[in-house]
Amino acid sequence: MASTGEVACFGEDVYSAFQKAMLATGFTFPKQGILIGIQKSFRPKFLSVAEVLYGEGFKLYATEATSDWLNANDIPANPVAWPSQESLSPSLPPIRRLIRDGKIDLVINLPNSNTKFVHDNYVIRRMAIDSGIALLTNFQVTKLFAEAVKYSGKLDSKSLFHYRQFDKGDAA
């Protein structure tokens with residue numbers, strides 16, 4: 001299960017319905033920067049998501065290997081130090097400071113258990129939660145989030161009644 005609750009929302013398309021559902025759960029859409037930490041196995045599928053996020057004007061931060069991969073694929077990403085390696089990588093900004101300074105307002109953390117950074121991934125997710133920063137940990141939700149940011153227009157506040165009336169009008 002990817003979440004602890006369910007919300008049903010309606011929209012003109014899947015993207016606006018998704019945005020409404022996210023907002024209804026208290027999700028805060030980012031305005032500044034996005035921290036990305038993904039495992040190598042997600043990279044082929046994640047490239048299009050990163051392109052959309054960058055194209056929509058977000059500043060991207062990423063763990064070292066992810067940053068190297070994004071930059072190699074022409075998506076600018078600023079490298080950050082893993083929490084356990086902050087003292088070993090003094091030239092890289094620590095995630096804690098970026099979060100504290102408000103530079104990051106969304107964390108995308110897509111790990112698997114086959115990594116030496118299991119604890120670091122936990123610490124990153126915990127920092128996001130403790131700081132009230134939006135956190136995405138599911139690839140499908142992350143992909144839909146990026147698509148919704150790109151394709152969704154202004155959100156409306158129409159009721160279910162409106163959509164049911166609209167459906168009846170289309171059938172006639």
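**The cover over the buried residues of α3 includes β1, α2, β2 and β3 (78-80).** This is a predicted model, in which local features need pLDDT of at least 70 and side-chain atom pairs count only at pLDDT 80 or more, whereas totals for chains, interfaces and linings use all residues. Residues are numbered from 1 along each chain as its sequence is written, and side-chain values use heavy atoms, with hydrogens and water left out. Helices (H or I, at least four residues) and strands (E, at least two) are DSSP runs numbered from the N terminus. The buried residues in α3 are Thr66, Ser67, Trp69 and Leu70, where buried means under 20% relative accessible area, exposed over 50% and partly exposed in between (1.4 Å probe, protein chains only). They cover an arc of only 165° around the axis and are therefore on the same side of α3, the arc being that of the directions from the helix axis to the C-beta atoms. Asp68 and Ala72 are exposed on the other side of α3. Ala65, also found in helix α3, counts as partly exposed at 45% relative accessibility, and its C-alpha atom is separated by 9.1 Å from that of Ile38, 27 residues apart along the chain.

**Asp74 lies in the loop between α3 and β3, and Asn78 has its place in strand β3.** Asp74 has a phi near 65°, a positive value in a residue other than glycine. Most residues other than glycine have a negative phi. Because its relative accessible area is 70%, Asp74 counts as exposed. Asn78, by contrast, is partly exposed, with a relative accessible area of 29%. Not counting residues up to four places away in sequence, Asn78 touches Lys59, Leu60, Tyr61, Ala62 and Ser67, a contact meaning heavy atoms within 4.5 Å. With Lys59, Asn78 has a C-alpha to C-alpha separation of 8.2 Å, although the two are 19 residues apart in sequence.

**Phe46, Leu53 and Phe145 touch the most other members of the largest nonpolar core, which has 30 residues.** A nonpolar core is a set of buried Ala, Val, Leu, Ile, Met, Phe, Trp, Tyr and Cys residues joined through side-chain atoms within 4.5 Å. Two or more residues of this core come from each of α1 (14-24), β1 (33-38), α2 (43-55), β2 (59-63), α3 (64-72), β4 (106-110), β5 (134-136) and α6 (139-151). Another core, of 15 residues, lies apart from it and includes Tyr61, Val107, Met127 and Ile133. Once neighbours within four places in sequence are left aside, Phe46 is in contact with Ile36, Ile38, Trp69, Ile108, Leu110, Phe139 and Thr142.

**The buried residues of α6 are Phe139, Thr142, Phe145, Ala146, Ala148 and Val149.** Among the elements that cover them are α1, α2, β4 and β5. At the start of α6, a side-chain oxygen of Asn138 reaches to within 2.9 Å of the backbone nitrogen of Gln140. Such a polar contact is a pair of N or O atoms within 3.5 Å; within protein, one must be able to donate a hydrogen and the other to accept it, and residues adjacent in sequence count only if both atoms are side-chain atoms. The end C-alpha atoms of α6 are 18 Å apart, which agrees with the 18 Å that its 13 residues should span at 1.5 Å a residue, the expected span being 1.5 Å times one less than the number of residues.

**In α1, the buried residues are Ser16, Ala17, Phe18, Gln19, Lys20, Ala21 and Met22.** Lys20 counts as buried because its relative accessibility is 12%. The C-alpha atoms of Lys20 and Cys9 are separated by 6.1 Å, the two residues being 11 apart along the chain. At the start of α1, a side-chain oxygen of Asp13 reaches to within 3.1 Å of the backbone nitrogen of Tyr15, and after the helix comes Gly26, whose phi is positive, near 95°.

**The protein as a whole has seven helices and five strands.** Along the sequence they follow the pattern α-β-α-β-α-β-α-β-α-β-α-α. Of its 172 residues, 42% count as buried. The accessible surface comes to about 9,800 Å², with 52% of it belonging to carbon and sulfur atoms; accessible areas come from the Shrake-Rupley method with a 1.4 Å probe, and for residues only the protein chains shown count as cover. Among contacts with a separation of 6 or more, 67% are accounted for by residues 24 or more positions apart.
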